[in-house]
Amino acid sequence: MTYLRADNIKQATELIDANPTFPLLHGGSDLALKIKSGSIEGIIDISHLKELEYIKKDGEILEIGALTSINTILNDKKVIQHFPLLTEACQNFASHQIRNIASLAGNIANDSPVADLIAPLLVLRAEVILVSIKGTRTLPIHELFQGFKQLNLNRELISSFKIPLLEHNYYYRKVGPRANLNISKVSLAMVHNRDGYFLSGASVNPFVMRFRHSEELLNSKVFSKDLLKNALAKDIAPSGSFRSTKEYRSSVLLNMILEALESFKE
Ligand SMILES: Cc1cc2nc3c(=O)[nH]c(=O)nc-3n(C[C@H](O)[C@H](O)[C@H](O)COP(=O)(O)OP(=O)(O)OC[C@H]3O[C@@H](n4cnc5c(N)ncnc54)[C@H](O)[C@@H]3O)c2cc1C
């Protein structure tokens, strides 16, 4: 296997352009398994790009560098103050050791249907900043995900995430078999702000996405539990597995949305 190391962003973009099939290595907590299986021809090590590890508030935006670790986000006072939803999602993420090495971009770019941090960024309507040898591109984060393990990346590196600072109510819950080192059976991230309701969750679709039909219903004037159940059925396609049945995932998710709506009234 070929090992390439980038020492700065420019070098990283050049290496990515010249080797578009090589995955990027940061913490390696997802990539390690693939490397071990011998299925990878080469990697580009970006773990030395310390300039992509930061959290800063800039006007009405909180910007998180792509390679910031989950523990750094979990303990950051600005995140705790403005985005407790993200803090809670990080609290429920893996173990202390994994949170120390795992990066935000790694979680997003691995694009797993069970990834914990995609849903919070979707409902907070983050933007993702991409860099390549051609320059910089900004996308609303939902445009990054185009299908199962299909990312809208064209020889690009994720360099940061920008989250707008808007007053909001939130709800977050990850349901799994135990308290720590937990792969979710189902999770819900939900936000209500001046623009309406935003909902997403893990483990109910081939890739994590917003629940657009449910959002539309909640933002309309007409609401009932049956209408929500029907809307949600259009938003999710949960698989049944040894972890949970489809019916379990669907009914727990519906109950969580109802619980969130109640909590927003308080
Ligand atoms: C024991 C264990 C427990 C775990 N528990 C959880 C959990 O509770 N919740 C959860 O969601 N995940 C969990 N994970 C998965 C994993 O830890 C996360 O997805 C982590 O955030 C990946 O980050 P990383 O820096 O290690 O990524 P890496 O493994 O280094 O890379 C992952 C992928 O992201 C791509 N990538 C990395 N950085 C960039 C970038 N800047 N731009 C573009 N692409 C990039 C790489 O090419 C690769 O495909 C767990 C893993 C382990 C081993």
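## Helices, sheets and a ligand shell

Helix α10 passes helix α11 in a right-handed crossing. Both belong to a predicted model. Find α10 at residues 225–235 and α11 at residues 246–265. Their axes come within 11 Å and cross at roughly 130°. An angle over 145 degrees would count as roughly antiparallel, and 65 to 115 as roughly perpendicular. The pair is therefore oblique.

Which residues make this contact? From α10 come Lys 225, Leu 228, Lys 229 and Leu 232. From α11 come Leu 253, Leu 254, Ile 257 and Leu 258. By class, six residues of this contact are nonpolar and two are charged, with no polar ones.

Now follow α10 to another partner. Helix α9 covers residues 212–219. The axes of α9 and α10 lie 7 Å apart, at an angle of about 150°. That angle makes α9 roughly antiparallel to α10. On the α9 side, the contact uses Arg 212, His 213, Ser 214 and Leu 217. On the α10 side, it uses Leu 227, Leu 228, Ala 231, Leu 232, Lys 234 and Asp 235. Five residues of the α9 and α10 contact are nonpolar, two are polar and three are charged.

Next come the sheets. Strands of a sheet pair through backbone hydrogen bonds, either parallel or antiparallel.

Start with the parallel example. Three strands form an open sheet in the order β1-β3-β2. Its edge strands are β1 (2–5) and β2, each pairing on one side only. Strand β3 spans residues 42–45 and pairs with β1 over four bridges. Within that pairing, Leu 4 has Ile 44 as its bridge partner.

The antiparallel example is an open sheet of five strands, ordered β4-β5-β10-β6-β7. At its edges sit β4 (55–58) and β7 (135–140), which each pair on one side only. On average, neighbouring strands here are turned by 25° against each other, direction ignored.

Walk across this sheet from β4. Strand β5 holds residues 61–65 and pairs with β4 over four bridges, in the antiparallel sense. Lys 57 has Leu 62 in β5 as its bridge partner. These two strands form a hairpin with two residues between them. There, Gly 59 takes a positive phi near 60°.

Step on to β10. It pairs with β5 in the antiparallel sense over five bridges. Here Glu 63 has Lys 162 in β10 as its bridge partner. Strand β6, residues 127–132, also pairs with β10 over five bridges, again antiparallel. Val 128 stands opposite Phe 161 in β10.

Where do the sheets meet the ligand? Strands β2 (24–25) and β10 (157–164) each supply at least two residues of the shell around the ligand. So do helices α6 (96–101) and α7 (104–110). The largest share, five residues, comes from α7.

How many residues surround the ligand? There are 27. Those that come nearest are Gly 27, Ala 94, Gly 106, Asn 107 and Ala 109. The shell divides into 16 nonpolar, nine polar and two charged residues. Strand β10 links two parts of this tour: it belongs to the five-stranded sheet, and it supplies residues of the ligand shell.

Conventions:
Residues numbered from 1 in each chain as written. Predicted model: local features only at pLDDT ≥ 70, side-chain atom pairs only at ≥ 80, totals over all residues. Axes fitted to C-alpha atoms, helices over the stretch in contact; angles between N-to-C directions. Parallel < 35°, antiparallel > 145°, perpendicular 65-115°, else oblique. Left-handed = near helix turned anticlockwise from the far one by under 90°. Contact = placed C-beta atoms within 7 Å. Nonpolar A, V, L, I, M, F, W, Y, C, P; charged D, E, K, R; others polar. Near = placed C-beta within 6 Å. Pairing = 2+ DSSP bridges.
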